[in-house]
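Biologist: I would like to learn how to read a structure like this one. Can we go through the features in turn?

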Amino acid sequence: DADLAAFLAGKDHLYTMYDPIHPMYSAFDAAWKQELGAVWTGDATAEEAMARLQVQVQDMLDHLEDYE
C-alpha cells in the first residue's frame, strides 16, 4: 500500500488534458484537424496548412467575445 501512495498523490486534482478549457475550443479543434488532415493526405504542405490555420486562429482571437 505504501507504493500506491506515490501513484495516488494528487488524485483529487486530476483533469483531462483534452477538456475544452475555453468555449472557442471546438472551433479551434475543428480548424486544426481540417488543416492537419490536408497535410496527412498530401493536399497541402505543413507550411501551407499552418499559414491558413494562423489566419483562422487570429480571427478567433480577434473575436473572443463571440465565444463567451
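**Reading the surface and the fold**

Modeller: Start with the surface. The protein has an accessible surface of about 5700 Å², and carbon and sulfur atoms account for 60% of it. Keep in mind that this is a predicted model.

Biologist: How many helices and strands are there in the protein?

Modeller: Three helices and zero strands. Along the sequence the pattern reads α-α-α.

Biologist: What share of the 68 residues counts as buried?

Modeller: The share is 16%. Buried here means a relative accessible area under 20%. Exposed means over 50%, and partly exposed lies in between.

Biologist: Now charges. What is the general idea behind a salt bridge?

Modeller: Side chains of opposite charge can pair when their charged atoms come close. Next, the case at hand.

Biologist: How many salt bridges does a search of the whole structure find?

Modeller: Two. One joins the side chains of Asp29 and Lys33, at 3.0 Å from N to O. Both residues sit in helix 2, four residues apart, which is about one turn of the helix.

Biologist: Is Asp29 buried or exposed?

Modeller: Asp29 counts as buried because its relative accessibility is 15%.

Biologist: Is Glu35 buried or exposed?

Modeller: With 5% relative accessibility, Glu35 counts as buried. Arg52 is partly exposed, at 37%.

Biologist: Let me see what surrounds Glu35. Which residues is Glu35 in contact with, leaving aside its neighbours within four places in sequence?

Modeller: Ala49, Arg52, Leu53 and Gln56. Glu35 itself is found in helix 2, residues 25-40. A contact means heavy atoms within 4.5 Å.

Biologist: Where does Ala44 lie?

Modeller: In the loop between helix 2 and helix 3. Ala44 has a relative accessibility of 9%, so it counts as buried. Not counting residues up to four places away in sequence, Ala44 touches Ala38, Val39 and Arg52.

Biologist: Sequence separation and distance in space, then. Give me another pair.

Modeller: Take Pro23 and Asp66. They are 43 residues apart in sequence and 9.3 Å apart in space, C-alpha to C-alpha. Pro23 has its place in the loop between helix 1 and helix 2. At 48% relative accessibility, Pro23 is partly exposed.

Biologist: And where is Asp66 found?

Modeller: In the segment after helix 3, which spans 46-62. Asp66 is exposed, with a relative accessible area of 56%.

Biologist: Last topic: surface patches. Which residues form the negative surface patch?

Modeller: Asp59, Asp62, Glu65, Asp66 and Glu68. For a patch, each residue needs over 30% relative accessible area and no salt bridge.

Biologist: Which residues form the nonpolar patch on the surface?

Modeller: Leu4, Phe7 and Leu8, with about 350 Å² of accessible area together. Leu4 lies in helix 1, residues 2-8. With a relative accessible area of 46%, Leu4 is partly exposed.

Methods. Residues are numbered from 1 along each chain as its sequence is written. This is a predicted model: local features need pLDDT of at least 70, side-chain atom pairs count only at pLDDT 80 or more; totals for chains, interfaces and linings use all residues. Side-chain values use heavy atoms; hydrogens and water are left out. Patches are made of residues with over 30% relative accessible area and no salt bridge: like charges are joined within 9 Å, nonpolar side chains (Val, Leu, Ile, Met, Phe, Trp, Tyr) within 5 Å. Accessible areas come from the Shrake-Rupley method with a 1.4 Å probe; for residues, only the protein chains shown count as cover. A salt bridge is a side-chain nitrogen of Lys or Arg within 4 Å of a carboxyl oxygen of Asp or Glu. Lys and Arg count as positive and Asp and Glu as negative; His and the chain ends are not counted. The place of a charge is taken as NZ of Lys, CZ of Arg, CG of Asp or CD of Glu. Helices (H or I, at least four residues) and strands (E, at least two) are DSSP runs, numbered from the N terminus. Buried means under 20% relative accessible area, exposed over 50%, partly exposed in between (1.4 Å probe, protein chains only).
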